[in-house]
Structure formats: C-alpha cells, structure tokens
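Open the model in a viewer and keep the residue selection panel at hand. The stops below go from sheets to side chains.

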Amino acid sequence: MSVYQPPEGQHGDETSGRSCLLQGIRLPLYYFSKAEKDSGCSLEKIEPQSTFLDRLLKEWDDRKVRGLFHHDVNACETKILSGDYGFILHLIEGRDLKKRPTEFSIDRVLQPFDGKKFNFTKIAQEEMLFRFEESENDKSGFSENDPTAASESPNVIAINVSPIGYGHVLLIPRILDCLPQRLDEQSFLLAVYMAREAKTPYLRVAYNSLGAFATINHLHFQALYLAGVLPVEKAPSQRIMTLVSGVEIFQLSHYPVRGLVFGGGSNLEDLSFAVSRACIFLQDNDIPYNVLISDAGKQIFLLLQCCAEKRTHGEVNQEFLEMQINPAAWELGGYMVVKRSKDYQETSEETLWRFLDGEASVSAERFNEIKECILSTLSDKIAERNMGREDDHKC
C-alpha cells in the first residue's frame, strides 16, 4: 500500500515508527463535531460536496500529480455490466504484481500486531493527507498549522498508493498506537463520522477483517469516491429486527452475498454501536467479515464471506482462481477489480453472481446460524448499554 521501502535489514518497530513518522512536519488537521446535524443527503437527493470532501479530493489529486500512485486509475477501463444490478468492472492489469503481498496467515481473524512487518508507521510522509480528529468546540473545519504533539497518536487519512478508483484513501485510527486489524467501538464510530463529513452518498467507507482480504495487519479503513449506486445498495432487503435504540436490522433478500443491513436509530452513535458490537462478536468468534458504510453513514452493510478459507482448502473453482478476484468489501458490494483484459471483456453479471454466491459468500445455512447469534448478542449488549446510561443519569 505504500511507496516506502525500508533499507534491507531496517524494518523498524513500533517505537521507531512513533518517533519518526510525523517528525518535522505540520500535518493539516480536519476537526469534526459529533453534535453536527444530519446533512440530509441520500442516494436520491444529492447535496453539495463538503469542505472535508473537497479538500480530500484536492489532496488526492495533488499526490496523483506528484506521481505517488502505482498506476493511473483514470487510464484504467471501467464499465457497468448489463443486468438487474449493474455490477461495475474496473480493469487494473498487473495490480496483483505491484500491490504489497499479505504478510500474515489468512486463516485467523485476530492476530497480534508485528512491528517487523509492513505497517503504516513506515509510509512516506507525503502519502499522508491530513489528520481527522473530534473538535473540542462543536465546530468543523481545517487547521493548517496545528502542530502534532510528541505524545499524540493522531487519526490519519493517507492515500492508498495502489488505488482501485478515484479518491481511494485510508483512515488509520491512532496510527502510532500500532493497533492490529481489530475493530473496536471507538474506531468504527470514527469511520462513520468520516462518511458523514463527506455529506454525499458517493464516498463510501469500508472495513475488511483479516481472513476477509485485509492485507495489512494495522488497524485501518478504506474510503472510495464513486458517483453512482453500488449493486448492493440496489438490493432488496427484509426487516428482521428493530432494537430498543431504534436501529433497524435488515437481511439482504436477493443478492449473491449474504449479509445484514443496519439503519435508523436516533443518532449515528446508536447505529455505529450496534454494527460495531456485531463485528466484535464476529471477530471474537474467528468469523471473517466485511463492512460497507453507505449513504453518508446512515446505512451500513455487514457482509459475511468464506472465500479465503475455501482457497486455503482448495475448494474454489479453477475458473475463478484464474480470474484472481479478491472479494473484499468493494467487490462484495459490486465494484469488481479484474487484472486481465480477457476477464474484463468476457465477464458477465451471471458470472459474477456465480462467483459471489458460490465461492465468496457463506452458505444460507451458515448465515442463518451466525445471524441468530448476532441478533441475540445485540439484544443483550443494547440492554446493557441502556442500563449503564440509566445508572449514569441517576448519578
């Protein structure tokens, strides 16, 4: 993911990354307010872009001009396939050869951070765009010259040097704390706020667990700007539960990847809490998953897959092995990156449906088992949270 390559024998560790990554630079700060009102944008009603998104794309364009990316996404072919859902094909020939290889086992969702392997404390300074922090005064905006304290571990937005589309960036929570790819309530809420601050449904934020095609074991999210509706956003769904917090949970009813859709609630914090607790249950039980935060944070997809596990056991059809599609969150959502011109020319929606349904997604039986466990866990966790709030109010 980074253009930086440490000299042979100098891989560094957590402490060396903390001391040098932000040394000598003034990284701009974007500060957001938790209390900011809903932007009101949706997939049907498009509002003007935000200061946050304008700046993010401007900085991304600047890094493109500087030649920091491995390829020019604007020069890569893209098309929408005919069919009910309009799956998107994006051709990046040879991306698998340029992309940093996975440096950990793919059969366990939770693994300890290893400072000797590549992590985001090793990225070049010019890859970082700005910091992303909560405001102290309920205002939002940019500060150009706010210094980073030596003891601070900021949330950093950086480019993905192997982008799969326009504006492809990383959100790295508390970058210097060297957290493994393990989702928690605080970091997930940060990602939801990032989606909200864009004030458009076209910037989605994604998370891939280990075992679900995350390639770096250092806590991070991805974001991508795509003007249009993703196939998973078109999929019908059926409501299966409404939590006491008002958060509604739906099940995708006619889509090749099985998953849940979360929405509603009185605020983004309630919605984020429900999804993060579901994700924590999954990772604690070694179940790979992908998340797609959509519609400026108001709709969140939790998708369950087993493709990496099937590959490990040699259970993937040879046809799809040769296509070399790694079904992370973007691919499960219907934005498919292919590496061969042959696949770009010949792949149909029917082919992708067979791949996602038969090779990537968990079975219907397995999904139903996991779903019931998630719903039970959420009912308990929401009840515990509400009891805690009542106790705080009494105090």
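**Stop 1**

Select Arg131 and then Val156, its bridge partner in strand 6. Strand 4 (residues 128-134) and strand 6 (residues 156-159) run antiparallel and are joined by 3 bridges. Strands here are DSSP runs of E with at least two residues, helices are runs of H or I with at least four residues, and both are numbered from the N terminus. Two strands are said to pair if DSSP finds at least two bridges between them.

This is a predicted model, in which local features need pLDDT of at least 70 and side-chain atom pairs count only at pLDDT 80 or more, while totals for chains, interfaces and linings use all residues. Residues are numbered from 1 along each chain as its sequence is written, and side-chain values use heavy atoms, with hydrogens and water left out.

Now widen the selection to the open sheet of 12 strands, whose order is 5-1-4-6-7-9-8-13-14-12-11-10 with mixed pairing. Its edge strands, strand 5 (141-143) and strand 10 (237-242), each pair on one side only. From one strand to the next, the twist averages 25 degrees; the axes behind such angles are lines fitted to C-alpha atoms, and the angles run from 0 to 180 degrees between N-to-C directions.

**Stop 1: the hairpin at the edge**

Move to strand 10, which pairs with strand 11 (residues 247-252) in the antiparallel sense over 5 bridges. Thr242 stands opposite Glu248 in strand 11. What is the phi of Gly246 in this hairpin? Gly246 takes a positive phi near 95 degrees, and the hairpin has 4 residues between its strands.

**Stop 3**

Strand 2 pairs with strand 3 (residues 88-91) over 3 bridges in the antiparallel sense; Ile80 has Ile88 as its bridge partner in strand 3.

**Stop 2: charged side chains**

Show Arg63 and Glu59, whose side chains meet in a salt bridge at 2.7 Å, N to O. A salt bridge is a side-chain nitrogen of Lys or Arg within 4 Å of a carboxyl oxygen of Asp or Glu. The two residues are 4 apart in helix 2 (residues 51-65), so Arg63 and Glu59 are separated by about one helical turn. The whole structure holds 22 salt bridges.

Finish with Glu315, in the loop between helix 7 (307-312) and helix 8 (318-323).
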